[in-house]
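Try each task yourself before you read the solution under it.

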Amino acid sequence: MAGSFRAELVKKSPGPIELYEVALDTARVQDVQDEEPFVEYIRALRSGRKVDLIVPVGAPAALFLQRYRTILFHNVPMLVIGADLRRIPGATLSDNDAAVLLDLDLPAYLENILRLRPETTDVAVVVGNSPVERFWTSELRRDFEPFGDRVHLTWFNDLTFDEMLARAASMPPRSAILYFLLSEDAAGVTYSQDRALEKLREVANVPVFGMGDYELGRGIVGGPLMQTQALGQEGAEVALRILKGEKPGSINAPSIVFGAPIYDWRELRRWGISEARLPPGSVVQYQQPTIWQQYHKEVLAAIGAFAGQTLVVVILLIQMRKRQQAELSLKESDDRMAFAAASTGTGIWQLDIVADRLWTTEYCRSMLGLANDATPTMAALIGAFHPDDRAALGESVRSAIDRGMPIDGEFRVVAADGATRWFATRGRPRCDENGRPIRLSGIFADVTARRNAEAEAEFQRKELTHLLRVSVLGELSGAIAHELNQPLTAILANAQAARLMIGEKNPDLGAVSEVLDDIMQEDNRAGEVIQRLRTLLKKGERKAALVDISDLVDSTLRLLHGELVARKIHVDVALPDRLPPTWGDAVQLQQVLLNLVMNAMDSMNASVPSARLITISARAGSDGSVTIDIADRGRGIDGAAARRLFQPFFTTKEHGLGLGLSICSTIVKAHGGTLSLRNNAERGATATLMLPAEAAMLAAE
Amino acid sequence: MMQDRMTEDRTTVFLVDDDPGVLKALARLLRAGGQEVQTFGSPQEFLAQHDPSLPGCAIFDVAMPGLDGLQLQAALSAGGTDRPVIFITGFGDVPTSVRAMKAGAIDFLAKPIDGKQLLGAVAQAIEKDKAARRHHQELAALRQRLSTLTPREREVMTHVVAGRLNKQIAHALGTVEKTIKVHRGRMMDKLGVRTVADLVRLAAQAGIEAAPPRQ
């Protein structure tokens, strides 16, 4: 709250402003006499300074100042920001006071949860046990009472934080957590709001909903939220009006109400909440964040954490001062920035192109293993990178200096201990009025963890794809054994026949030779079955080659032949004579076909044998794409299931893993194609697989 | 006459399997083992073309599309043909084999099949078919001879089979012993038997019951 106010104030003020912040941890202040040291501290702080405005942030600070106004800031205008209307009624404000208050619509928090997850039966409210939190507990209890017949509410105010974590980790199904305020738990231990939220979110097995916009991006789903941004802006406007001489008592600033509901896309996805459920006008953030956005957010979060005070009372003392003091505070601000950046593993550098002078944060130098006292040069900086990456980085820096191009890349550094680390490297040139770059500012962010995680995820995905193929073949093992048994039967019978034939008085050697030919042919057939198996069982890199869809369909049906016969399923294949070849990994595409046909087979378990029919058809598009339809006459797709078909671990089969379609969809997307499922007009469902023309698939590679 | 005897001795193995490679190899094995073989690539083909009057046995694959082996046997007996059947299967599961044996199968062989075992089962099945056909023929001949008896002669036969003397029969039928003696002589001639013991055996074979004792 204080952060956004301060930022807005500095931004909007026409002249330099000196700010003093005093943070009081009210959670620890239980008795009025405990406040005495704070009063003394503030008195000492303000002595010898002319104070133009005092700004208590939040109700505890406002109440504190109301108590000590005459002692500390007699006749100094006061602007109360961020307190709720309920805590600071207008009547308690004097002529010399203005207020930008919050009007929290508490029921809206619960309504939001029920709107997003109507099936919710239980909501746990996380609220602490400090005086201010006790006030909110009773407010919440009163405002939530009408919901009593819809949801069962659990209150965490009498739990220790460890107990809260344990409860959050084992919430019943169809429940949610509303994280309201937590600065002090029942055992009297105090907590930083941000850390507490993050820890809780880490263990929670159900969605966590929050209270203010500063929590978005830290694991809350979102909804209507307390607007600290708007509060900061409005507060700053009013502060400037007072500093300009307007009478505080005559300023009637509107209360800050909830703005448009804001949601975190990642959380929506994580909990399977459809965007269709969001109220109209909602804002969804963090959608598929780019690396830059991710990094950017981290820095902001770090700064937020550094300057963060959520339940800490802040008093801002504002003074109009001379420029030199402002410069002093600029130096402080630099230090803070460097500290914040370092705490997120980010090194900052700036190159003065005209003077060819490089400035870096200390952390930046230590990241690159450069001597701390050395005056760094760009060449030394580039030289710190992996030999194989230096040329690329150098080229990138040069085009930034010469042509004003931004720098954007990830490069390796080999640390002193021999470990390779990945640094995301960004740089933005600043140009003079002629468009000539004069300054280049940039950062290095250590993204090794993410890089490793990506590599690990890719490895896992490959393993999973392969495992799934193996498990499919496991399901088919009986049928495949039968497929292998047929040629073996023919071989044995032929061999025994040949033996009888040569035992005759005048053996017909021509006939025996024919038998031997047949034996060889049957052996080839057995070999093909084994080859098909081996191909699917093989683990390995994706191999791209021209793929003939007809061959693929044929080979898939051969693999399934025994199973189809045993399950009395008839397959009609209607493929055009010539289909354009597609480009891709035949094994993976076969896996997709196998999976789709097996799904079709499974869907007809309950049908009478005469109705067990699968139709496989294909057609070529005018653009060279190939579309394959696999239609069954089974039970079709349940309406509720339709939207979740491609989600991992969603299954309608008793022994299904719920990974088949999810993996198929991943494979098809990697080939630049599409996969969809829909119910037929009459009976059953059709899976439609579209693979783009060869050229488009090459592009998707 | 010579031709007829040949036809009577000739037997055929009817082989049904949807796998062409297996069908060809098994047919070859059976022929090398001295059997006449007719092959069919599907149950439908077999039902459409099979001649029930030809002596011999059948070999059915169990797992076939459309109609499986067991269903094919059921269809065959429902049509009035009781041909001995040997089943062959790639799966060889116990429940299916039990069902097949209960339905009167000669044998239930798992693929890959041992040639000797198959030929042995075929010989056994053909033997069974021959015996059944022989029995069938004897019965037909017997019925033919019985049909030449007059009602009176048939009546006398039931009393003779019951072990009665001519005098007792005459009394039962309200006539004289001499008349009975004539009927009895003609009846024995027509049926081609000499002794009462032979007559009793014949009556049992034809299912003719003895006349009940008089009240």
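A residue is called buried when its relative accessible area is under 20%, exposed when that value is over 50%, and partly exposed in between. Keep in mind that you're looking at a predicted model.

**Exercise 1. A salt bridge between a loop and a helix**

Task: Which parts of chain A does the pair A:R86 and A:D143 tie together?

Solution: 
- Step 1: Start with the general idea: side chains of opposite charge can pair when their charged atoms come close.
- Step 2: In the salt bridge between A:R86 and A:D143, the closest N and O atoms are 3.3 Å apart. A:R86 belongs to the loop between β3 (78-84) and β4 (97-102), and A:D143 to helix α5 (residues 131-144), so the bridge ties together parts of chain A that are 57 residues apart in sequence.
- Step 3: Check the accessibility of both partners. A:R86 is partly exposed at 27%, while A:D143 is buried at 18%.
- Step 4: Look around the pair: A:D84, A:R86, A:E139, A:R142 and A:D143 are linked in a network of salt bridges.
- Step 5: For the overall tally, the structure holds 30 salt bridges over all chains.

**Exercise 2. Bridges between strands**

Task: Which strands hold A:D408 and A:R426, and which hold A:R421 and A:D446?

Solution: 
- Step 1: A:D408 and A:R426 form a salt bridge whose closest N and O atoms are 1.9 Å apart. A:D408 is in strand β15 (residues 407-414) and A:R426 in strand β16 (residues 420-431) of chain A, 18 residues apart.
- Step 2: A:D408 is partly exposed at 48% relative accessibility, whereas A:R426 is buried at 6%.
- Step 3: A:R421 and A:D446 also meet in a salt bridge, at 2.7 Å from N to O. This pair links strand β16, which holds A:R421, with strand β17 (residues 437-446), which holds A:D446, and the two residues are 25 apart.
- Step 4: Both partners are partly exposed: A:R421 at 34% and A:D446 at 29%.
- Step 5: Here's one more neighbour to look up. A:N452 is in helix α15 (residues 448-475) of chain A and is partly exposed at 47%.

**Exercise 3. A charged patch**

Task: Which residues form a negative surface patch?

Solution: 
- Step 1: The patch is made of A:E504, A:D508, A:E514 and A:D517.
- Step 2: To place one of them, find A:D508 in the loop between α16 (477-502) and α17 (509-537) of chain A.

**Exercise 4. Over to chain B**

Task: Is B:T12 buried or exposed, and what does B:T12 touch?

Solution: 
- Step 1: B:T12 is in strand β1 (residues 12-16) of chain B.
- Step 2: Its relative accessibility is 10%, so B:T12 counts as buried.
- Step 3: Leaving out residues up to four places away in sequence, B:T12 touches B:E36, B:V37, B:Q38, B:L54, B:P55, B:G56 and B:C57.
- Step 4: Now hop to B:P112, in the loop between β5 (107-110) and α6 (115-146) of chain B. A cis peptide bond joins B:K111 and B:P112, with omega about -10 degrees.
- Step 5: Most peptide bonds are trans.

**Exercise 5. The chains side by side**

Task: How many helices and strands does each chain have?

Solution: 
- Step 1: Chain A has 22 helices and 24 strands; chain B has ten helices and five strands.
- Step 2: Of the 701 residues in chain A, 47% are buried. Of the 215 residues in chain B, 44% are buried.

Notes:
Residues numbered from 1 in each chain as written. Chains lettered and ligands numbered in written order. Predicted model: local features only at pLDDT ≥ 70, side-chain atom pairs only at ≥ 80, totals over all residues. Heavy atoms only, no water. Patch = residues over 30% accessible without salt bridge, like charges linked within 9 Å, V, L, I, M, F, W, Y side chains within 5 Å. Areas by Shrake-Rupley, 256 points an atom, 1.4 Å probe, with all protein chains shown as cover. Salt bridge = Lys/Arg side-chain N within 4 Å of Asp/Glu carboxyl O. Lys, Arg positive; Asp, Glu negative; His and termini not counted. Charge placed at Lys NZ, Arg CZ, Asp CG, Glu CD. Helix = DSSP H or I, 4+ residues; strand = E, 2+ residues; numbered from the N terminus. Buried < 20%, exposed > 50% of the residue type's maximum accessible area, 1.4 Å probe, protein only. Contact = heavy atoms within 4.5 Å.
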